[in-house]
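Here are my notes on the model, point by point. Please read them with the structure open.

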Amino acid sequence: ETGKAVNILVSEGGDDIAKYSGAGVLKHPLKPFFVVPTTAGTGSEVTSVAVITDEKKGLKLPFTSSFLLPNAAIIDPRMTLTLPPHITAATAMDAMTHATEAFTCMAKNPLSDAYATAAIKKISRNLLKVMDNPKDETGRLELAQASTMAGIAFSNSMVGLVHSLGHATGAICHLPHGLCMSLYLPYVLEFNLESIREPLGELLLYIEGPEVYSATPAARRAEASISALRQLRDALHKRCELPRTLKETGKVLESQLELIADVALDDGSIMFNPREVSREDAMAVLKRAWA
Ligand SMILES: [Zn+2]
């Protein structure tokens, strides 16, 4: 995302990036843009968006334009071999959230579904393996591919409430994006459950594999998907102390939850959440994620 912002300024001139924030504000193609992702998470190499934090104002500025799409990306898993474990974990959970929200949001479609399910399968099969053996190049390649595929998935559909809450929390409390995704994903899926029971149940096949899927009655698959994601979150905590609750991060005050809810309701991703979200709903999810 930083590279995209730099390309805007290098191409358009000036030093005020906020001027270009919004959808469709850029009017001309930018300079040729080649990217080499250094994490396996954002999928930014295949998206037309960037999110940049205004630290002074405590805001996340969104940038959306087809001109932000890189000309080419080099997906090289060697770039992630030396990532600290908590960054491997948090960024992979960002990719997992991109795919899960793409598969359950209002704009889901057969094309995004194909990429989303393939990405979820790769992350589920490889993330803990890579956490246990960080130099596993094959596993790293799988995570890198999953991140790109999850980026394609949500670029062809959308994300939802996990991202709205995550953008707000990142801006207000300066928590890394991937960590926010990991903290909110299970609770947002619980909140959305009755609107997404079928697709979420389908995801169990990709999260847990065919044996668990076929042994789980159809009526319980959606809940089983949520508990599998919660188990993954707990397994990551065990390996690298990735926080499981907002309180555990040590960077969020309970008194900030109201503000997070307000900012999240203004975030663009919330429009595509499969269930309408009131302020009370957002607060209820935040309280569940608190501790
Ligand atoms: Zn994300």
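Is Arg197 buried, partly exposed or exposed? With a relative accessible area of 28%, Arg197 is partly exposed. Buried means under 20% relative accessible area, exposed over 50%, and partly exposed in between, with a 1.4 Å probe and protein chains only.

1. Basis. This is a predicted model, in which local features need pLDDT of at least 70 and side-chain atom pairs count only at pLDDT 80 or more, while totals for chains, interfaces and linings use all residues. Residues are numbered from 1 along each chain as its sequence is written, and side-chain values use heavy atoms, with hydrogens and water left out.

2. Arg197 pairs with Glu194 in a salt bridge, with the closest N and O atoms 3.0 Å apart. A salt bridge here is a side-chain nitrogen of Lys or Arg within 4 Å of a carboxyl oxygen of Asp or Glu. Glu194 and Arg197 are three residues apart in helix α6, so about one helical turn separates them. Helices (H or I, at least four residues) and strands (E, at least two) are DSSP runs, numbered from the N terminus. Glu194 is exposed, at 60% relative accessibility.

3. Zinc donors. The zinc ion has Asp94 (OD), His98 (NE2), His163 (NE2) and His177 (NE2) as protein donors, lying 2.1 to 2.2 Å from it. Donors are N, O and S atoms within 2.8 Å of the metal (3.2 Å for Na, K and Ca); water is not among the atoms, so sites may look incomplete. Along the chain, the donor spacing reads D-x3-H-x64-H-x13-H. Asp94 sits in helix α2 (residues 85–104) and His177 in helix α6 (residues 177–208), so this pair ties together parts 83 residues apart in sequence. Asp94 is buried, with a relative accessible area of 3%.

4. Zinc geometry. Why is the arrangement around the zinc ion irregular? The four donor atoms subtend angles of 84 to 167°, which makes it so. Four donors count as tetrahedral if all angles lie between 85 and 135 degrees; four count as square planar and six as octahedral if opposite donors are over 155 degrees apart and all others between 65 and 115; anything else is irregular.

5. Strand pairing. Strand β4 (residues 59–64) pairs with strand β1 (residues 22–23) in the parallel sense, over two bridges. Two strands pair if DSSP finds at least two bridges between them. Gly22 has Phe63 as its bridge partner in β4. Strand β3 (residues 49–54) also pairs with β4, in the antiparallel sense over six bridges. There, Thr53 has Lys60 as its bridge partner. The β3–β4 hairpin has four residues between the strands, and in it Gly58 takes a positive phi near 65°.

6. Helix α8 and its end. Helix α8 (residues 221–240) has 20 residues. From first C-alpha to last it reaches 29 Å, close to the 28 Å expected at 1.5 Å a residue. The expected span is 1.5 Å times one less than the number of residues. Just after α8 comes Glu241, with a positive phi of about 60°. Glu241 lies in the loop between α8 and α9 (246–249) and is exposed, at 64% relative accessibility.

7. Another positive phi. Most residues other than glycine have a negative phi, and most peptide bonds are trans. His174 is not a glycine, yet has a positive phi of about 55°. His174 is in the loop between α5 (161–173) and α6. At 42% relative accessibility, His174 is partly exposed.

8. Other salt bridges. The structure holds 12 salt bridges. One joins Asp234 and Arg233, with the closest N and O atoms 3.2 Å apart. Arg233 is buried, with a relative accessible area of 7%, whereas Asp234 is partly exposed at 33%. Arg279 and Asp262 meet at 2.6 Å, N to O. Arg279 lies in helix α11 (residues 279–290) and Asp262 in helix α10 (residues 257–265), so the pair ties together parts 17 residues apart in sequence. Salt bridges with shared partners also join Glu190, Arg230 and Arg288 into one network.

9. A loop serine. Ser157 lies in the loop between α4 (137–155) and α5. Ser157 is buried, at 9% relative accessibility.
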